[in-house]
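This report covers aromatic pairing, the nonpolar core and a surface patch, in that order. The sequence and structure come first.

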Amino acid sequence: MNAQMILNEIYGTPVQDPAVLALAKQLEQITKDYESGALSKDEYIELLADFKTQQLIIAQCNDMAAKEKLNSIVNVVINAASILA
């Protein structure tokens, strides 16, 4: 399973976010390492948990960025309304 297939499984659609793509490539590599025997089951599980944490952090950052953009738009609207009033 390659990185894009992993992302499609997680998100259901193609993802373009560079941070998420990088995580998917890491996940692809650690999965290959596990399948080849280079990682133990415990190491693999630990890395998967780290992957999940990184994914949550990215999602929260994206959410915060979206909220900041929305806040900026609201402030512009408020300022425009103040000028017009």
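In this predicted model, a search of the whole structure finds one aromatic pair. Its members are Tyr34 and Tyr44, whose ring centres lie 4.3 Å apart with the planes at 5 degrees, so the pair is stacked; planes under 30 degrees apart count as stacked. Because Tyr34 belongs to helix 2 and Tyr44 to helix 3, the pair ties together parts that are ten residues apart in sequence.

| Residue | Relative accessible area | Class |
|---|---|---|
| Tyr34 | 32% | partly exposed |
| Tyr44 | 14% | buried |
| Ile78 | 46% | partly exposed |

Tyr44 counts as buried because its 14% relative accessibility falls under the 20% cut-off.

Tyr44 is also a member of the largest nonpolar core, which has eight residues: Val20, Leu23, Leu27, Ile30, Leu39, Tyr44, Phe51 and Ile58. At least two residues of this core come from each of helix 2 (18–36) and helix 3 (41–84). Helix 2 gives the largest share, four residues. In soluble globular proteins, nonpolar side chains tend to be buried together.

Leu39 is another core member. Apart from neighbours within four places in sequence, Leu39 is in contact with Ile30, Asp33, Tyr34 and Leu47. Among these, Tyr34 is the residue stacked on Tyr44.

On the surface, Leu70, Val74 and Ile78 form a nonpolar patch, with about 260 Å² of accessible area together. Ile78 lies in helix 3 and is partly exposed.

Definitions and conventions
Residues are numbered from 1 along each chain as its sequence is written. This is a predicted model: local features need pLDDT of at least 70, side-chain atom pairs count only at pLDDT 80 or more; totals for chains, interfaces and linings use all residues. Side-chain values use heavy atoms; hydrogens and water are left out. A nonpolar core is a set of buried Ala, Val, Leu, Ile, Met, Phe, Trp, Tyr and Cys residues joined through side-chain atoms within 4.5 Å. Buried means under 20% relative accessible area, exposed over 50%, partly exposed in between (1.4 Å probe, protein chains only). Contact means heavy atoms within 4.5 Å. Rings of Phe, Tyr and Trp (its six-membered ring) pair if their centres lie within 6.5 Å; planes under 30 degrees apart count as stacked, over 60 as edge-to-face and the rest as tilted. Patches are made of residues with over 30% relative accessible area and no salt bridge: like charges are joined within 9 Å, nonpolar side chains (Val, Leu, Ile, Met, Phe, Trp, Tyr) within 5 Å. Accessible areas come from the Shrake-Rupley method with a 1.4 Å probe; for residues, only the protein chains shown count as cover. A salt bridge is a side-chain nitrogen of Lys or Arg within 4 Å of a carboxyl oxygen of Asp or Glu.
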